[in-house]
Amino acid sequence: MTKRIFRSITFAALAVLLAAVTLILGVVYSYFTNVQFDQLRVETALAAHAVANEGLSYFDTLDDTMDCRITWIAADGTVLYDNRSDTVAMENHLAREEVIEALSSGYGHSARYSDTLLEQYIYAAEKLPDGTILRLSNSQPSAVHLLMDNLWPVLLIVGCAIVLSLWLANRLSRQIVRPLNELHLDAPLENHSYPEIRPLLQRLDSQQEQLRHQGRELTRRQTEFSTATRALPEGLVLLNTSGTILSINPAAARLLEVTPNCTGADFSVANRNTAISALVDTAYTGKKAEQMVSLCGSTYMAAARPIQAEGNLSGVVLLLLDLTQKQKAEALRREFTANVSHELKTPLHAISGYAELLKSGLVPPEDTKAFSEKIYWEAQRLVALVEDILRLSRLDEGAADMQWKSVDLAAVVQQTAASLSGAAELAEVTLQLSGEEAVLQSVPQLLSAIVFNLMDNAIKYNRRRGTVMVSTETDSSTVHLTVTDTGIGIPEEAQSRIFERFYRVDKSRSKEVGGTGLGLSIVKHACQILQAELAVDSTPEQGTSVTVIFPKNSKAAQ
Ligand code: ADP
């Protein structure tokens, strides 16, 4: 830019210089011509006066070396005398401009190129009283001649002017450009240079603000995205069109065994899992690809999808979904279904067996009552089993529709004891209840199910003349329920399994006492929903103590 301004100023200065020199030359030349004409007019007047007085003899007195040309022309145009040329050879001068003018007005002048003397001449003619014309002429140097005559001073002046112009142009261009070079572009509006660039600076400032805003928005979205993906248990990788990793969440980095900060690296170099590389390659051809892969000892569904933007491939997304939980849940469901079928099959077979015997009339009349009773008890077992299964499946669904209420645990214990008193009496077990009012926020049905199952088990797996002690305690934030029995106890190796569905330590004993194998599963599930802690302490042949600690105000209740 400096060079351009320098060139422009230099060019302008030189143009001005040239114009000035030309103009001055023109003015000087014109002035000089006027002066010459004035001089020539005076000289012509003087000479005309002398010729009028002295006639031809005047010319004899003239100096031959004089610059001036004198021509005396008769009234008919014949040249009577000329101090430069032979009058005989000269043509008639009547048509000369100055002669015509002098003949008509007494004085005439003109300037022209003389064909006779091959030079630019100025002429002044005066009419004498006798009608003849005296004409004086002088050579007039052309402008070029004038310039050439004064070449050195002109060159000196022009040279000085050029040097001065160059110096000024250089200085000016620097001065003009300096404020632009010193512009503080990070804060455009703080600059106070040329008012002409103010709109530009304002535009710059608004664009910078826009960029800053976009930058902030981008960072915010990036943070949101990385926060969201960081917490994802699924692996997520974003790749651009050339296979560079744009984003990789910690789960994906762990599963693919790459460093979490490998963003910007080439995926094909960072990843060593060939199955996943093949999926990603397929996605780059524009097709979706998915496959089960084993990563870090677990089964994952790896899905690679092309990202299309306006019909063009703009990248690939790779998703790694953990299927272990799903597979476990499916296995559990299969196991549960098999168990349920098995559990239902046994009493149904028994019922149909007894019924068949009764139908065929093979049972003696005195045994009919016993057979009917067996059918009744097996049917009761079936009812209990189905009820427990239904209860458990409701709990599996999350028990979302259950109502949280303020419940007194001690009252629930008393009601349960009352409903189990018959069973306790039958088993010759004494029920001992202790504890005062223990109010908590809970789901009454779940609380009742917990208390019922624990007390029922404590009676069922007790010995004759045994005792069941149920206590409720409360502190500032929790309510404790302890069900202790003096029964058969649970072997240590079985203690961790008694909460599994259909698990029984002694299957025949459980069936004998009408167990379904689902009671403690219901207890465990209900405790999870109520956010209660469950602990078992048991010694074989001495007894079992089960403690449940309920929060008074469970978060689940809010
Ligand atoms: P069940 O319907 O068979 O009682 P549970 O799920 O309630 O099923 O209990 C699982 C198993 O745990 C029982 O079969 C029993 O073997 C054992 N068990 C539960 N409670 C007690 C207890 N208080 N004393 C001894 N064993 C118990």
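Predicted model: local features only at pLDDT ≥ 70, side-chain atom pairs only at ≥ 80, totals over all residues.

Trainee: How far is the polar side-chain atom of asparagine 457 from an oxygen atom of the ligand?
Mentor: That distance is 2.8 Å. Leucine 520 also takes part, with a backbone N or O atom 2.8 Å from an oxygen atom of the ligand.

Trainee: How much of the ligand does the protein bury?
Mentor: 96% of the 530 Å² that the ligand exposes when taken alone.

Trainee: Which elements give two or more residues to the shell around the ligand?
Mentor: Those are α13 (444-460) and α16 (519-530).

Trainee: And how many residues surround the ligand?
Mentor: There are 20. The closest are Asn457, Tyr461, Ser510, Thr516 and Leu520.

Trainee: New topic: sheets. What is the strand order in the open sheet of five strands?
Mentor: Read it as β7-β6-β10-β9-β8, with antiparallel pairing.

Trainee: Why is one side of β7 and of β8 left without a neighbour in the sheet?
Mentor: β7 (245-248) and β8 (289-295) stand at the edges, and each has a single partner strand, so one side of each has no neighbour there. From one strand to the next, the twist averages 20°.

Trainee: How many bridges join β8 to β9?
Mentor: Seven, and the two strands run antiparallel. β9 covers residues 298-309.

Trainee: What about β4 and β5, what do they form?
Mentor: A hairpin, with five residues between the strands. Glycine 131 is in the turn and has a positive phi of about 90°. Seven bridges join β4 (residues 119-127) to β5 (residues 133-139), and they run antiparallel.

Trainee: Which residue in β5 stands opposite glutamate 126?
Mentor: Leucine 134.

Trainee: Last stop, serine 173. Where does it lie?
Mentor: In helix α5, which spans residues 151-181.

Trainee: Is serine 173 buried or exposed?
Mentor: Buried, because its relative accessibility is 0%. The cut-off for buried is under 20%.

Trainee: What lies 2.9 Å from a polar atom of its side chain?
Mentor: The backbone oxygen of asparagine 170.

Trainee: And which residues does serine 173 touch, not counting those up to four places away in sequence?
Mentor: Thr2, Ile5, Phe6 and Ile9.

Notes:
Residues numbered from 1 in each chain as written. Heavy atoms only, no water. Helix = DSSP H or I, 4+ residues; strand = E, 2+ residues; numbered from the N terminus. Buried < 20%, exposed > 50% of the residue type's maximum accessible area, 1.4 Å probe, protein only. Polar contact = N/O pair within 3.5 Å; in protein donor to acceptor, adjacent residues only side chain to side chain. Contact = heavy atoms within 4.5 Å. Pairing = 2+ DSSP bridges. Axes fitted to C-alpha atoms, helices over the stretch in contact; angles between N-to-C directions. Near = heavy atom within 4 Å. Areas by Shrake-Rupley, 256 points an atom, 1.4 Å probe, with all protein chains shown as cover.
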